[in-house]
Every structure is written in C-alpha cells, then in structure tokens.
Amino acid sequence: MTKLMDLKIDFAFKQVFGKEGNEPILLAFLNAALQLPKEKRLSSVEILNPEINREHIEDKASVLDIHAKTEQGEHVNIEIQLANKFDMEKRTLYYWSRIYSAQMQKGMPYTELAKTITINILNFRFLRETERFHTTFHLYEDQEQFPLTDVMEIHFMEIPKLMDKWEQRAVNPQDNELERWLLLLEADDHEEIRKELEAIAMQDPVMKRAFDEWEDLSRDEKKWVEYESRRKAILDEMAVVREAEIRQQKAREEGLLEGKLLVAKEMLAEGESPERIAKLTKLPLEEIEKLKQQLH
C-alpha cells in the first residue's frame with residue numbers, strides 16, 4: 001500500500017485539488033461545499049494560481065491557497081490552516097478583501113465586481129458557539145435578516161468537529177458529499193475512513209480520480225522532498241504558535257496568582273483567618289501563613 005501524503009498539508013492539498021488538469025476534483029469539492037440547488041450547481045471552474053513557487057514551500061509565513069474562478073465569474077479562495085493563530089476572523093476578512101478588490105480595473109464600474117467566496121479548512125476548533133463543523137457567513141441586516149449584498153460569502157470547515165461526529169457515527173459520507181471530501185483529508189493514516197472512501201470511489205469516478213492523483217503524487221520522490229520541506233516549515237510555524245500559547249498561559253497564571261496574593265493580603269489586614277482565605281482564594285495555607293508573617 002502506498003504511503004500517502006497528509007492532504008492537510010497545503011502543498012499536498014493544492015497538488016490534488018488545485019493543480020491544472022484536476023479541475024473536476026476541485027469542481028466536485030466546490031459543489032459539495034457551496035451546497036447549491038441542483039439547477040445552480042457549478043459546471044466548470046478555472047484554477048487561477050496552479051503553480052507553486054519553490055520559495056513559498058520553505059517560507060512558513062506563506063500561504064499555499066487555491067484561487068479559482070467559476071463559470072459565473074465568481075472568485076473562490078480555499079485555504080487550509082493547521083494551527084490557531086487567534087487571528088482567523090481578521091485574517092479571513094483581509095484575504096477576502098484582497099481578492100475582491102484585486103478584480104477592480106481602471107475605469108471599471110463597481111457593479112462589475114464579482115462575488116468572492118472564501119473557504120477556510122481548519123484543523124482546530126474555531127467557533128465555540130456551535131458544534132456544526134461547517135458554517136457559512138454573509139452580510140445581513142441585524143433585525144430583519146435581509147441581505148445587504150451577496151458578494152461576500154465565508155465558509156469555515158472545522159475538521160476536529162467532523163472527526164468527533166465520525167467517532168459518534170453521526171456522519172454519512174455515502175450520501176453527504178462534503179463529509180466525503182473532508183474525510184478524505186484524514187484518510188492518509190485512518191484506515192477505516194480510507195476503506196469507506198475507497199468503497200465510495202467505486203461508484204464515484206471523481207473521488208476515484210482524486211485517490212489516483214493522491215497516490216501518484218505520493219509515489220513521486222521529487223514531490224515527497226518538496227512535501228517534507230513544506231511540512232517542516234508548517235511544523236516549525238506551529239511550534240512558534242504553541243510556544244506563544246504557553247507563554248500567554250503562563251502570563252495569565254502569573255497575573256492570576258498576583259491577584260490572589262493581593263486579595264489574601266487585604267483579607268489578612270481585615271482580620272480574616274488564614275484557613276478561610278486559603279479556602280476562598282485556593283492558595284496553599286502555607287503561602288497564606290507566610291504572608292501573615294510578612295505583614296507582622
């Protein structure tokens with residue numbers, strides 16, 4: 001069995017979904033993601049940035065996204081994020097605005113600016129307000145919920161939430177196209193998922209093509225070198241993010257401790273017993289006794 005690249009690494013994802021010649025795979029994913037009525041489903045898509053520059057592979061700050069254009073002229077941007085940098089909302093709006101505004105040409109009326117859709121595939125939990133793995137945002141009026149315009153559409157797809165549903169047997173990739181395509185991103189080292197999707201691929205020629213492209217990519221030694229280089233850059237970036245999280249947590253804990261010590265000092269000055277202060281502040285009794293001695 002061919003060892004498969006992790007499709008959550010954006011290099012591999014782009015090679016399968018965003019390479020020139022693989023438009024049918026991208027088209028199937030977009031139709032699943034956008035969940036359009038049958039009569040409005042996309043019939044063609046153009047990949048606008050199929051090339052991957054070598055310098056972007058090793059640059060951990062770069063974004064290997066997929067930028068495509070539908071037959072209706074709509075622009076679609078797909079990006080995978082493995083680590084939560086806690087800037088997802090503003091980052092998303094920034095990238096959406098760049099693609100939307102880049103359409104403007106000199107003398108062009110604003111009415112010709114096409115709808116721009118951003119799809120963020122996230123390997124972390126993002127929205128605490130819901131357990132749904134797929135959420136979609138538009139611009140609506142607050143009270144009556146009518147749309148201001150349809151030019152903005154933003155999707156978030158949270159893989160951990162989908163995997164929770166998989167473990168609960170609450171997904172149906174046989175009938176749900178989006179679940180099918182997103183589960184593919186976990187199939188490299190999840191044998192049960194891989195077998196189920198391979199069975200589906202027997203009846204789904206585009207899924208079969210995606211598997212074939214993925215396996216061909218994973219047999220290419222030169223591509224493996226590029227993949228490993230990109231994977232290292234992403235893991236390095238994730239390590240930086242994790243270190244920042246640890247430092248922030250430590251700062252919060254130190255700030256909390258300082259606050260508790262201040263409260264303990266005030267309570268001691270008011271004559272409260274060390275035992276009561278320890279119970280209320282959750283500080284060790286020995287720490288309270290030390291503070292009491294310092295105050296005397």
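Trainee: Which residue follows helix 5, and is its phi positive or negative?
Mentor: Keep in mind that this is a predicted model. Helix 5 is followed by Arg 169, and the phi of Arg 169 is positive, near 55°.

Trainee: Is Gln 35 buried or exposed? And how does Gln 145 count?
Mentor: Gln 35 has a relative accessible area of 53%, so Gln 35 is exposed. Gln 145 comes out at 47%, so Gln 145 counts as partly exposed. The cut-off for exposed is over 50%.

Trainee: Back to helix 5. Which of its residues are buried?
Mentor: Helix 5 covers residues 159-167, and the buried ones are Ile 159, Lys 161, Leu 162, Met 163 and Trp 166.

Trainee: Take helix 6. At what angle do the axes of helix 5 and helix 6 cross?
Mentor: The two axes cross at roughly 105° and come within 11 Å. Helix 5 is therefore roughly perpendicular to helix 6.

Trainee: Which residues meet there, between helix 5 and helix 6?
Mentor: From helix 5, Ile 159, Leu 162, Met 163 and Trp 166; from helix 6, Glu 179, Leu 182 and Leu 183. By class, that contact has six nonpolar residues, one charged and no polar.

Trainee: And how do helix 6 and helix 7 pack?
Mentor: Their axes are 10 Å apart, at an angle of about 130°. That angle makes helix 6 oblique to helix 7. The crossing of the two is left-handed.

Trainee: Which residues of helix 6 and helix 7 meet?
Mentor: Arg 180, Leu 183 and Leu 184 in helix 6 meet Ile 193, Leu 197 and Ile 200 in helix 7. By class, the contact of helix 6 with helix 7 has five nonpolar residues, one charged and no polar.

Trainee: Tell me about Leu 197. Is Leu 197 buried or exposed?
Mentor: Leu 197 has a relative accessible area of 1%, so Leu 197 is buried. Leaving out residues up to four places away in sequence, Leu 197 touches Pro 173, Arg 180, Leu 183, Leu 184, Ala 187, Met 207 and Phe 211.

Trainee: How many residues apart in sequence are Leu 197 and Arg 180?
Mentor: They are 17 residues apart in sequence, and 7.1 Å apart in space, C-alpha to C-alpha.

Trainee: Now the whole chain. How many helices and strands are there?
Mentor: The protein chain has 11 helices and six strands. Buried residues make up 47% of its 296 residues.

Trainee: What radius of gyration does the chain have, and what would a compact globule have?
Mentor: The protein chain has 25 Å, whereas a compact globule of 296 residues would be near 19 Å. Along its principal axes, the C-alpha trace spans about 80 × 55 × 40 Å.

How values were computed:
Residues are numbered from 1 along each chain as its sequence is written. This is a predicted model: local features need pLDDT of at least 70, side-chain atom pairs count only at pLDDT 80 or more; totals for chains, interfaces and linings use all residues. Side-chain values use heavy atoms; hydrogens and water are left out. Buried means under 20% relative accessible area, exposed over 50%, partly exposed in between (1.4 Å probe, protein chains only). Helices (H or I, at least four residues) and strands (E, at least two) are DSSP runs, numbered from the N terminus. Axes are lines fitted to C-alpha atoms, for helices over the stretch in contact, and angles run from 0 to 180 degrees between N-to-C directions. Angles under 35 degrees count as roughly parallel, over 145 as roughly antiparallel, 65 to 115 as roughly perpendicular and the rest as oblique. A crossing is left-handed if the near helix is turned anticlockwise from the far one by less than a right angle, and right-handed if clockwise. Contact means heavy atoms within 4.5 Å. Ala, Val, Leu, Ile, Met, Phe, Trp, Tyr, Cys and Pro count as nonpolar, Asp, Glu, Lys and Arg as charged, and the others, Gly among them, as polar. The radius of gyration is taken over C-alpha atoms; the globule rule is 2.2 Å times the number of residues to the power 0.38.
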